Every structure is written in C-alpha cells, then in structure tokens.
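Subject: Structure handover

Hello,

Here is the structure you are taking over. My notes on it come after the view.

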Amino acid sequence: MGLNINSEYKIAMIGAGAWASTIAQLLAENGAQVRIWTHRADLADHINQTRQHDHKLPEIRFHERVYASPKLESVLDGVQAVVMGVASPYIQVAEQVAELCPSGMLVLSLTKGLVAEQERGSEYLERVLPAPKLAILSGPNLAKEIALKQPATSVVAAKDPDTARFFQERVSNDCFRAYTSADVVGVELGGILKNCIAIAAGCVDGLGLGSNTKAALMTRGLQEMIRFGMANGAEKNTFFGLSGLGDLIATCGSNLSRNYQVGYQVAKGKRLSDIQTQLNSVAEGVRACKLVTKSAQEKGIELPIISEVYRVLYEDASPLDAIQRLMARDLKEE
C-alpha cells in the first residue's frame, strides 16, 4: 500500500523518457492526477490508448490517473505542481512552461546534467520560471528497477523545507523511500558528477579489467566529486550519502546505466556518435564531463579521472592509455 496522498492533486510531468515515466507512474499510484507532456502526438495517443510506453519503459502499464498530451497548455492547466523530467539538452522547454505557469509554482527537477559551464539545472529553472518553489530529486535510481517496484531510495533537496517535504510525501511509498536535504548544490552535483565517473567505470569493464581497478576508480572518483562540489559550495558529507556515493555505486555497477554503456562501448572501439545514436537517449555524462573539465581548469580544481574521460570522448584518447596516465601520476598521500 502506498501513502494516503490526496488524489485531488494534479501534477504536470514535462517529459516522457524512462525516468520521467517512472516518476509519473509513482505519483499516480500515490494518488495524484498526472498529466505527461511529450512533444510527440503519436506517443501521447499511444500512452492514452494502450497505457504503455513500449520503447522507453515496456515494464509498466500506466495507471488510469496518467494522461499524456503534446499540448503544454492542456498539461499545465490547473496543476498544483510541475515535474521537469527532461534531460539537460531539452530543459529549455521550461521557457515555454514559464509562459503558462503562475508565480510560486511547486517544481521538482529530475535533470542530472549541467545546462551550461557555470549553471546547474536547478539554477536555470530558478532563473527562467516565475519564482518557483523548487526541489530536485537525485539518488541511486535506475528507472527500470523502480518501475519493477524493486526497493529504492532517493533524496529530495530544496532550500525550503516545506517544498522538500511536499515532494518527499508525493513520491514515497512502500517501494520508494525519499529523504530530504537542504544541500541542493551537493545533491545536484552528486547526480551530475557520478555520470562522468560511470563512463570511466564502463571503460574499465570494457577493457576487461578487474574489481581492484574499478574499486580504485570509484574511490578516487568520489574524491573528485567532493573536490569539485566543495569548490562550488556543496557540503562534503552530502557526497557520502545516497545522491553521492549511493548513486555512484549504482551507476558504475549496472549496465542499465546509459553513461556506463557509453564507456563500455568506447572501450570496445566504437565511435561516440554511433553509441549515442544506438542509445537513442541522453547519457548526461558525455556533456557534463566537457563542461565540468572546462570549469575545473578555470578554477584550478584537480580532476584527473574526469579530465581523462574528457580526453577519451573528445580527443580520441585510448581508454587504456588514459588509465596508464592516471597510474603514472606523481605519488602522494591519500
């Protein structure tokens, strides 16, 4: 049994990818009326007629309280909250949402990517939307597992504790438990940076290297996440929680992760452009490692692993050579 949430709540889900669809289903099962926006009219019709999303999430049959539409006006009309479920390259749809959204709307962001070199997704939404009451959701959340109702946890972070609690209550049930945090920067950067490390983890497995190598990569990768996060205002302890270490473990160890798959396939000799086409969805770490590397260079933050991921993806460096360069760095204290 889920939590007893008031079914009169109407929530708009902007986006119809696997993660957005999973959260839409979760909200509906908890009692909300959920309207999904997708730019594809054929997909909206398919969801409404069959209650399924065959391509992105064939594991679920949508609840009767889920309705899809390609019209933002219809999706946003009369809602009490908005969930931004699009990947970072498509977050600009928020500018259209802003024209239809009243000031002070409750907004939850699912985006785990940077919009620009110095702008996180939540910062962009705060700038574009009219005075939103904003929260973000991030943690070790592989969409397929949650769609199959396998127990999972996550973190809702917001500056305003009431906003955090609102969304915590809306998404939590017997299979999905959300915690709250006031460290928006740390929770958000944890979800962004672990994608870069997950690409490296995929490379390790693609090269056929062992558990020692991956353990070293993840441990030192976590230090880079902390270093970059603290330089940008995050709290250190946040990275030892679900949105940091927890998400890192899940993403680096599962072939369900798009970022892991990018690294794995690159290590097998495939071209990045071909991998992205085959994925047919966004691996946020590809873009993030480029923006993070540039920002780190400008601020003098040492990120050897993420910098090597950048070289592999954008400068055609060999993954094996990248590992050898990391191993040949000057010796130092841990």
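Predicted model: local features only at pLDDT ≥ 70, side-chain atom pairs only at ≥ 80, totals over all residues.

**Domains**

The protein chain is split into two parts, with domain 1 covering 10–182 and domain 2 covering 185–328. Their centres, taken over C-alpha atoms, are 25 Å apart. At the boundary, 31 residues of domain 1 are in contact with 28 residues of domain 2.

The size of an interface is often given as the accessible area lost when the parts come together. Here about 2400 Å² is buried between domain 1 and domain 2, and carbon and sulfur atoms give 60% of that area. On the domain 1 side, the residues that lose the most area to domain 2 are Lys-112, Leu-114 and Glu-117, which together make up 27% of what that side buries.

The interface of domain 1 and domain 2 is also crossed by two salt bridges. Elsewhere in the listing you will find the pair Glu-188 and Arg-120, a salt bridge whose closest N and O atoms are 2.8 Å apart.

Strand β6 runs over residues 81–84. Which way do its side chains point, and are they buried or exposed? Ala-81 and Val-83 point one way, Val-82 and Met-84 point the other way, and all of them are buried. In a regular strand the side chains alternate between the two faces of the sheet.

β6 has a parallel partner in strand β1 (residues 10–14), with four bridges between the two. In that pairing, Ile-14 stands opposite Met-84. β6 also pairs in the parallel sense with strand β7 (residues 106–109), again over four bridges. There the bridge partner of Met-84 is Ser-109. To get from β6 to β7 the chain passes through helix α4 (residues 94–100), and this β-α-β crossover is right-handed.

**Salt bridges**

The whole structure holds 17 salt bridges. Those below are a selection.

- Lys-149 and Glu-29 meet through their side chains at 2.8 Å, N to O. Lys-149 lies in the loop between α6 (143–147) and β11 (152–158) and Glu-29 in helix α1 (residues 18–29), so the pair ties together parts that are 120 residues apart in sequence. Lys-149 is partly exposed, at a relative accessible area of 43%. Glu-29 is partly exposed too, with 28% relative accessibility.
- Lys-332 and Glu-302 form a salt bridge in which the closest N and O atoms are 3.9 Å apart. Lys-332 belongs to the segment after α15 (319–327), while Glu-302 is in the loop between α13 (284–299) and α14 (304–314), so that the pair links distant parts of the chain, 30 residues apart. Lys-332 counts as exposed because its relative accessible area is 53% and the cut-off for that class is over 50%. Glu-302, at 40% relative accessibility, is partly exposed.
- Arg-311 and Glu-315 are joined at 3.8 Å, N to O. Arg-311 is partly exposed at 32% relative accessibility, and Glu-315 is partly exposed with a relative accessible area of 45%. Both residues belong to a network of salt bridges that links Glu-308, Arg-311, Glu-315 and Arg-325.

**Positive phi angles**

Asn-280 sits in the loop between α12 (272–279) and α13, and is partly exposed with a relative accessible area of 46%.

Arg-51 is not a glycine either, yet has a positive phi of about 65°. Arg-51 lies in the loop between α2 (41–50) and β3 (52–53). Is Arg-51 buried or exposed? Arg-51 counts as buried, because its relative accessibility is 14% and buried means under 20%.

That is the end of my notes.

Regards

Note on methods: Residues numbered from 1 in each chain as written. Heavy atoms only, no water. Buried < 20%, exposed > 50% of the residue type's maximum accessible area, 1.4 Å probe, protein only. Pairing = 2+ DSSP bridges. Right-handed = clockwise from strand over helix to strand, strands pointing away. Domains from an automatic or database assignment. Contact = heavy atoms within 4.5 Å. Buried area = accessible area lost by both parts, 1.4 Å probe. Salt bridge = Lys/Arg side-chain N within 4 Å of Asp/Glu carboxyl O.
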